[in-house]
Amino acid sequence: MFHSRLHSFSRLVISLTLAAGLALLAGSANAQDKRQNGPGEFDFYVLSLSWSPSFCEEAAERGGRSQIQCSGRPYAFVVHGLWPQYETGFPEYCQRPAPRLNRSIVSSMLDLMPAPGLIFNEWDKHGTCSGLEGRNYFETIRKARAAIKIPAEYLDLSQAKTVAPAEVEEAFIKANPGLSNAAVSVTCNRTRLSEVRICLSKDLQFRACDEIERRTCRRDQVTMPPIRGG
């Protein structure tokens, strides 16, 4: 009798464990957008602007440098990417292999994205999810960047500046009529400002989004290293 009850109890535990596992998998599936990785099937863009001096200092600390971005003309904010997004989550690598990117497109984008490797990577990971042909995708990046005015205080930063993330957000909001706190976010690493991310509709209008808020910088203050060239 004892062994029979023990056997029944063990079967019950196994059944409950399997049921819990299936529920967890179902929950994960539900959390994933049903359009997952369908080219052109997304809700909005995030334009990511990287503070180049932070990137270069971090690259130097790791023992490597991007020759174009960190040893050429002085860069301030550069385009990291224009990323298709879902209201929750985002698609990536929507075509494998990605359609070949013409090198003339790469050359034409170096003023905004000063590293060929970055341009190729952004096309493979994010551009293929836009539903646009390569040249049109990078033209859209240029239009998105042109729609954003960089605050004057960050155009020629000659000395390191300590800032609060909220201060940077407010500077961008002030410089860009129509931009709100709900559409802009600042990211950082341990000590430095990394990026400013701005949410845009498919027709490149400012729009609110919750997604970028999850990755926003939680530090009270961060450093913006100065712009250096040569």
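Figure 1. Proline 97 belongs to the loop that runs between β2 and α4. The model shown in this and the following views is predicted. The peptide bond leading from arginine 96 into proline 97 is cis, and its omega is near -5°. Tyrosine 93 is placed in the loop between β2 and α4 as well. Its phi is near 45°, a positive value in a residue other than glycine. Most residues other than glycine have a negative phi, and most peptide bonds are trans. With a relative accessibility of 29%, tyrosine 93 counts as partly exposed.

**Figure 2. The disulfide between cysteine 94 and cysteine 129.** The two sulfur atoms of cysteine 94 and cysteine 129 are 2.1 Å apart. The torsion about this S-S bond is about 95°, so the disulfide is right-handed. Cysteine 94 lies in the loop between β2 (77–85) and α4 (103–109), and cysteine 129 in the loop between α5 (116–125) and α6, so the link ties together parts separated by 35 residues in sequence. Cysteine 94 counts as buried because its relative accessibility is 12%. Cysteine 129 likewise counts as buried, at 0% relative accessibility.

**Figure 3. The disulfide between cysteine 56 and cysteine 70.** The S to S distance in the bond of cysteine 56 and cysteine 70 is 2.0 Å. The link is left-handed, with -90° about the S-S bond. It connects distant parts of the chain: cysteine 56 is in helix α2 (residues 52–61) and cysteine 70 is in helix α3 (residues 67–71), 14 residues apart. Both cysteine 56 and cysteine 70 are buried. The structure holds four disulfides. Counting bonded cysteines along the chain, the disulfides follow the pattern 1-2, 3-4, 5-8, 6-7.

**Figure 4. The disulfide between cysteine 199 and cysteine 209, with leucine 204.** Cysteine 199 is joined to cysteine 209 at an S to S distance of 1.8 Å. With 50° about the S-S bond, this link is right-handed. Cysteine 199 sits in strand β5 (residues 193–200), whereas cysteine 209 sits in the loop between β5 and β6 (222–224); the two are 10 residues apart and the pair links distant parts of the chain. Cysteine 199 and cysteine 209 are both buried. Leucine 204 is found in the loop between β5 and β6. Although leucine 204 is not a glycine, it has a positive phi of about 65°. Leucine 204 is buried, its relative accessible area being 15%.

**Figure 5. The aromatic pair of tyrosine 137 and phenylalanine 138.** A search of the whole structure finds eight aromatic pairs. In the pair of tyrosine 137 and phenylalanine 138, the ring centres are 5.0 Å apart and the planes stand at 75°, so the arrangement is edge-to-face. Tyrosine 137 and phenylalanine 138 are both buried.

**Figure 6. The stacked pair of tyrosine 154 and phenylalanine 172.** The rings of tyrosine 154 and phenylalanine 172 form a stacked aromatic pair, with 6.5 Å from centre to centre and 25° between the planes. Tyrosine 154 lies in the loop between α6 (134–146) and β3 (161–163), and phenylalanine 172 lies in helix α7, so the pair ties together parts that are 18 residues apart in sequence. Tyrosine 154 and phenylalanine 172 are buried. One aromatic cluster is formed by Trp51, Phe77, Tyr154 and Phe172.

**Figure 7. Lysine 202 over the ring of phenylalanine 42.** The charged end of lysine 202 sits over the ring of phenylalanine 42, at 4.4 Å from the ring centre.

**Figure 8. Glutamate 169 in helix α7.** Helix α7 spans residues 165–175 and includes glutamate 169. Glutamate 169 is buried, yet it has no salt bridge. With neighbours within four places in sequence left aside, glutamate 169 is in contact with Asn181, Val184, Ser185, Val186 and Thr216.

Terms used:
Residues are numbered from 1 along each chain as its sequence is written. This is a predicted model: local features need pLDDT of at least 70, side-chain atom pairs count only at pLDDT 80 or more; totals for chains, interfaces and linings use all residues. Side-chain values use heavy atoms; hydrogens and water are left out. Helices (H or I, at least four residues) and strands (E, at least two) are DSSP runs, numbered from the N terminus. Buried means under 20% relative accessible area, exposed over 50%, partly exposed in between (1.4 Å probe, protein chains only). Lys and Arg count as positive and Asp and Glu as negative; His and the chain ends are not counted. A salt bridge is a side-chain nitrogen of Lys or Arg within 4 Å of a carboxyl oxygen of Asp or Glu. Contact means heavy atoms within 4.5 Å. Rings of Phe, Tyr and Trp (its six-membered ring) pair if their centres lie within 6.5 Å; planes under 30 degrees apart count as stacked, over 60 as edge-to-face and the rest as tilted. A charge sits over a ring if NZ of Lys or CZ of Arg is within 6 Å of the ring centre and within 35 degrees of the ring normal. A disulfide is a pair of cysteine sulfur atoms within 2.5 Å.
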